[in-house]
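Okay, thanks for coming, everyone. Let me put the structure up, and then I'll go through a few backbone details and how the copies relate.

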Protein chains: 2
Amino acid sequence: MTESDLPPVPMLPGRWGDPARAAELPESLRAALAAFGVSAPGDPVALDDVALPDPLDEALAVRVRAIVGDEGVRLDRDARLAHTRGYSTPDLLRLRAGDATQAPDAVVTPSDHETVVALLELCASARIAVVPFGGGTSVVGGLAPQRGRFAAVIALDLSAIDHAEEVDEVARTVRLGAGLRTVAAEAHLAARGWTLGHFPQSYEGATIGGHAATRSAGQASAGYGRFDEMVVGLRLATPTGTLEVGTAPRSAAGPDLRQLVLGSEGALGVITEVRVVVRPRPEARVYEGWRFASFDAGVEALRSLAQDGPLPTVLRLSDEAETAVNLADPAGAGGPAPTGALAITGLEGAADGVARTREQLERRMRDLGAEPLGTAPGESWRTGRYHAPYLRDALLDAGAMVETLETATFWSDLARLRHAVTDTLVASLTAHDSPPIVLCHVSHVYPSGASLYFTVACRQDDDPVDTWFEAKDAVGQAIRAVGATITHHHGVGTDHTAPYAAEIGPLGTRILAAVKDEVDPEGVLNPGVLIQARGGHSG
Amino acid sequence: MTESDLPPVPMLPGRWGDPARAAELPESLRAALAAFGVSAPGDPVALDDVALPDPLDEALAVRVRAIVGDEGVRLDRDARLAHTRGYSTPDLLRLRAGDATQAPDAVVTPSDHETVVALLELCASARIAVVPFGGGTSVVGGLAPQRGRFAAVIALDLSAIDHAEEVDEVARTVRLGAGLRTVAAEAHLAARGWTLGHFPQSYEGATIGGHAATRSAGQASAGYGRFDEMVVGLRLATPTGTLEVGTAPRSAAGPDLRQLVLGSEGALGVITEVRVVVRPRPEARVYEGWRFASFDAGVEALRSLAQDGPLPTVLRLSDEAETAVNLADPAGAGGPAPTGALAITGLEGAADGVARTREQLERRMRDLGAEPLGTAPGESWRTGRYHAPYLRDALLDAGAMVETLETATFWSDLARLRHAVTDTLVASLTAHDSPPIVLCHVSHVYPSGASLYFTVACRQDDDPVDTWFEAKDAVGQAIRAVGATITHHHGVGTDHTAPYAAEIGPLGTRILAAVKDEVDPEGVLNPGVLIQARGGHSG
């Protein structure tokens, strides 16, 4: 199985993906949870019983239909519920508790760029807040509109802008509609011998435009690059016009406006199309596991590979705790003994290149102290890599609170960052009588630094959402104190606006607010996401 | 000789670099010029006879001295002349003609970031235009202030902000003051075993901050990356505060504000410090020449290397005309026969890696149709690479008009771009009875495209500056028609503002103007460079 064979999953509200693939918790894990004080909560509120706010006012609906057509406007309960928030654990817990107060008033599905511009012009004049919606997989509140002073809130569903042009085989680029599901993009490219190589954990649900708007980093970023590095051109719709950028791979013509749009999370406009780099579909893949004596030893080895090579396509390292827990995962059975730190390397590419790099890599990994564990743990990781969100649903069912967060910094601060985040999580959650297990891995490496990805599990207390956000706020401050970034690939959303403002400082915040005021003077674009616009209209 | 052994050159007004290294034109070239209708013009106006505008008003000078100290303010003729414009051919021709009307009223040399901020605050309140000045090597009018409505114009000389911190050997980064000469930065790093690997043609004169402000691309960009790719953090001074960015190598925390500052050419603030990636000083270097049957065949080969590897550290390809002219260059004697297209490859790095890549490269180059010419043409290029600006001075002395321009686009449009630029130059200059020789080379490659660098030579007519700008304007329109970028690494300056505005469109222009209005509401920062600020204060 490779990524282009995976079907798009349904992405129904409240649970991840395809119900047929729901995870079963092994009995051993249930027992472990019980020992940790976790007990199953009551059943979630049935979706049919979740209360929604009123749909879009009919007078406004008439105006919206005049632009996108009747079939492009849905006011029904199912559509609105399916566009309520994203897939963070707080998002899921709120829906389980019957809270859909942030459902949009309508789901609007324009089918081309010009219609998006016209729709945004209407929304600005009618003071309708607009939440651009791709795959709906945000885990940072990127789809949680702040209704504030607005007359209404609509989800701007991009699913009808899903064109996939023919590949420019000379430049090795392709133009893709923002609403195209990543799975569909891979299928389109695979049929022609190409790949994007962009495989984030949200792969089965996410869209091309979503990756661009949030600076997604696929699990194979070491080899294929981050999504923001793949984008060589894009088209942005705003209430005050269109921006098209991308005249060359690189340019000295002023600031790189692509990099101003990428990561803007719908707050500065709606990306409707990107031109992205493609690569030949790999002839060969080799995924392998390695054991280091400790996480710290593994980090030194990853740094060496990132700085001096050979750099594999995929390169990850779990800490001791995650390495041990990995064995409790059915998908990891038969893996390494639960000591030390497990690294995964993946090589993809032309057959001769993969063979040559594998030889270099094995020599280098042994020199760096790694014990080779063979392809079993590598394949186990590769084939199980999209399983975690299913497992989370099962754990939430069982009464566990499970969530992830991530950050990045320079190699010289990485150990300090890891300890600061871990210590803060343990202190904050323990204060709520919910002592956590904190697992950590390095998921992305660069010559000058790396990202850290944390998985946190504890019991659900009486108010797990508030308890989690309190811990998350404390972590944000700890990350800031180290000088690291609040997010390496999840984005800012509404959850990170405060630490993000601290990270870029008052002048950085003013610059973004000035850009927003210029392109979106009414502030209708994703209010409360990324930045709090001046004038406080999103409060 | 390697780059870190080169001394900084004096950079006196009107001629490039060290007078002791001035080029002599060979007799054969003089004869060729005469055959081309080129005849020596009268002697340039002596620098002592060049007329300057009045220096800074004493009342303002007192206020500036109060901030930077007496020794930080120079009103003398020599200092002002040395900060007049840059090193484009029109800049040199104007000074030769005795025109220094764009000399700054004063040269101000603050010694730290806080002083720059205070100075900018004063300039905003006193309506003094500020031209940030690094090495003074702009070739696009980046140092040509538009006095407009301002009370005065000062050059903000960054040479006193030239600190070089110790290398962070774990992250492999270093913090460097913006005014540090690149040559001094290399010497600092070489003594510790590191290199930036950034060697643009302006290397002997340019500064670190200048590279950042203009998105410089060194000749070894294929291996070491462009300067904008090396910058992981920076500090920017503006009249309304300081921006510090760079918490991680990469982040999903909103738009990448580094990429908004890089390339802003002093119009959005003054970069005072950058944190840049460093690499181990190479143990080995191999520079070689190769001949392709034609430029088009060579382009196909470069594309193959850029897309599928092996990618050398340096990779260049001259067209047939440049290949032939190369032999008239004394530094190129003993090179290839003057047919086909000459490519240069350079490999730098650890000895074993260079040896391995050289083997792969040779095999691949032969497969791609290249005839190996050995190391002589490679070494000739490497050691002669900083010679061209000296040669230009000698050619201007002899009455030739010589200038360069550059652009970039995607591989699929590269041939069309080359012909559009060449045809436009020939048509425009021939209409002025100055038929040109147009040489072209590929200087930088990426997986999806490449840059084209043109050298143009013709006779100086009665008004060579106007004739050249007319040709340049026509080229700008031709580049736009192809959809390419107006500059790959020279920058926008004042020379490219019109085609740049067309390239980013009305919304892109509004976005930059909004950022400028926010950080620099009085518009004192480099007026007329990059964009024409709203309200037309730079006219």
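Let's start with Asn526(B), which sits in the segment after α18 (497-519) of chain B; helices here are DSSP runs of H or I with at least four residues, strands are runs of E with at least two, and both are numbered from the N terminus. Asn526(B) isn't a glycine, yet its phi is positive, about 40 degrees. At 2% relative accessibility it counts as buried (buried is under 20% relative accessible area, exposed over 50%, partly exposed in between, with a 1.4 Å probe and protein chains only).

Quick housekeeping: this is a predicted model, where local features need pLDDT of at least 70, side-chain atom pairs count only at pLDDT 80 or more, and totals for chains, interfaces and linings use all residues. Residues are numbered from 1 along each chain as its sequence is written, chains are lettered from A and ligands numbered from 1 in the order in which they are written, and side-chain values use heavy atoms, leaving out hydrogens and water.

Over in chain A, Arg127(A) also has a positive phi, near 55 degrees. Arg127(A) is in the loop between α5 (113-126) and β3 (128-133), and it's partly exposed, at 32% relative accessible area.

Next, the cis peptides. Gly309(A) and Pro310(A) are joined by one, omega about -5 degrees, and Pro310(A) lies in the loop between α11 (295-308) and β12 (314-318) of chain A. In chain B, the bond from Gly309(B) to Pro310(B) is cis, with omega near -5 degrees.

So how do the copies relate? A 180 degrees rotation with 0.0 Å of shift along its axis puts chain B on chain A, RMSD 0.0 Å (least squares on C-alpha atoms of residues with pLDDT of at least 70 in both). The two copies are therefore related as by a two-fold rotation axis.
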